[in-house]
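The entries follow the order in which I went through them.

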Amino acid sequence: MVNTKQRLVKRRKALNELQTIVNNAANLMLIHYSCESFYDIKDGRTPRITSIAVRFFSTGQTQTFSIHKVAEKEGGLTDIESRYDYLERIMLDEFYEFVERHQRFNWNHWNMRDINYGFQAIDHRYAVLGGKPILIPDSQKFDLARKLKEIYGDYAEHPRLEKLIEMNNITNKDFLGGAEEARAFDNQEYVKLHRSTLRKVDVFDEILGLVIDKSLKTKSNWKDIYGFTPQGIFEAIKDHWVYALVALVIGAALSAIFGIVFLDFF
């Protein structure tokens with residue numbers, strides 16, 4: 001009972017947090033980035049970053065930062081590998097200039113939580129290249145993947161994002177999974193990585209909208225989400241008009257049955 005209650009409290013908190021940032025849509029962005037596979041690095045350094053995409057939730061406009069765009073401006077797309085650190089530094093200069101201009105914004109992301117993959121990894125990489133990162137406060141970061149877990153429980157099989165895309169018929173054109181991204185980096189297919197990064201912020205935007213509309217399809221059933229407790233039933237009725245209607249019909253039916261019994265008794 002205690003576990004169910006705690007889960008429902010976390011669920012309601014996650015829903016309220018997402019609703020709050022969406023209500024302030026003018027200050028909400030979705031971010032994703034692609035990088036070298038951190039599983040294949042043997043010398044302990046942090047992965048090189050290839051592209052970053054930031055989508056404004058209110059307008060759908062997307063700002064991008066990428067190795068191939070910088071290379072094109074800096075003399076051509078050939079021999080990027082030998083100039084990678086130089087090009088990456090310029091790309092991250094541009095990104096942190098953008099961050100500085102948007103310090104009051106909320107940043108919605110997918111699993112960008114630590115030094116392996118996340119804001120810390122971007123900050124560290126920039127510092128390694130001689131830059132001074134502008135830190136985004138944790139209070140302005142919202143992990144959509146984690147919020148979905150708190151709202152729906154075990155909402156999809158692994159890989160969760162790909163499965164969620166399938167269940168909700170979301171376009172996956174240009175989308176690359178983790179292994180595909182690693183191969184693309186090894187093959188120096190930076191444009192391909194850039195397109196995948198762009199697609200993913202589009203996907204996050206659509207998923208967030210479905211959560212707010214209460215129409216996201218997941219593998220979680222009613223019991224997984226609410227639990228079969230009085231509080232869980234109450235939360236379900238609050239969340240969904242269908243459950244509220246069913247409760248109303250059942251209540252009316254029971255009232256009618258007991259009313260008839262009461263009249264027959266007298």
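I began with the second largest pocket, and noted that α1 (2-23), α4 (119-128), β5 (141-143) and α5 each supply at least two residues of its lining. I then checked which of these gives the largest share, and found that α1 does, with four residues. This is a predicted model, and I kept that in mind for every entry here.

I next looked up the space in the second largest pocket, which comes to about 350 Å³. Its lining has 18 residues, and those closest to its centre are His109, Asp138, Lys141, Asp143 and Arg146. When I sorted the lining of the second largest pocket by residue class, I wrote down 11 charged, four nonpolar and three polar residues.

I turned to the largest pocket, for which I noted a space of about 790 Å³. I found 30 residues lining it, with Phe38, Trp110, Asn111, Tyr117 and Gly178 the closest to its centre. The elements giving two or more residues to this lining are β1 (28-35), α5 (144-152), α6 (160-167) and α7 (178-186). By class, the lining of the largest pocket divides into 14 nonpolar residues, eight charged and eight polar.

My last entry concerns histidine 102, which I located in the loop between α3 (84-101) and β4 (106-109). Is histidine 102 buried or exposed? I recorded histidine 102 as buried, because its relative accessible area is 12%, and the cut-off for buried is under 20%. Setting aside neighbours within four places in sequence, I listed Met29, Phe56 and Trp107 as the residues in contact with histidine 102.

Technical notes. Residues are numbered from 1 along each chain as its sequence is written. This is a predicted model: local features need pLDDT of at least 70, side-chain atom pairs count only at pLDDT 80 or more; totals for chains, interfaces and linings use all residues. Side-chain values use heavy atoms; hydrogens and water are left out. Buried means under 20% relative accessible area, exposed over 50%, partly exposed in between (1.4 Å probe, protein chains only). Contact means heavy atoms within 4.5 Å. On a 1 Å grid over the protein atoms alone, a cavity is a set of points where a 1.4 Å probe fits but cannot get out, and a pocket is an open set with protein on both sides within 12 Å along at least five of seven lines; lining residues have an atom within 4 Å of a point. Grid points are joined across faces, edges and corners, and a volume is the space filled by probe spheres set on the points. Ala, Val, Leu, Ile, Met, Phe, Trp, Tyr, Cys and Pro count as nonpolar, Asp, Glu, Lys and Arg as charged, and the others, Gly among them, as polar.
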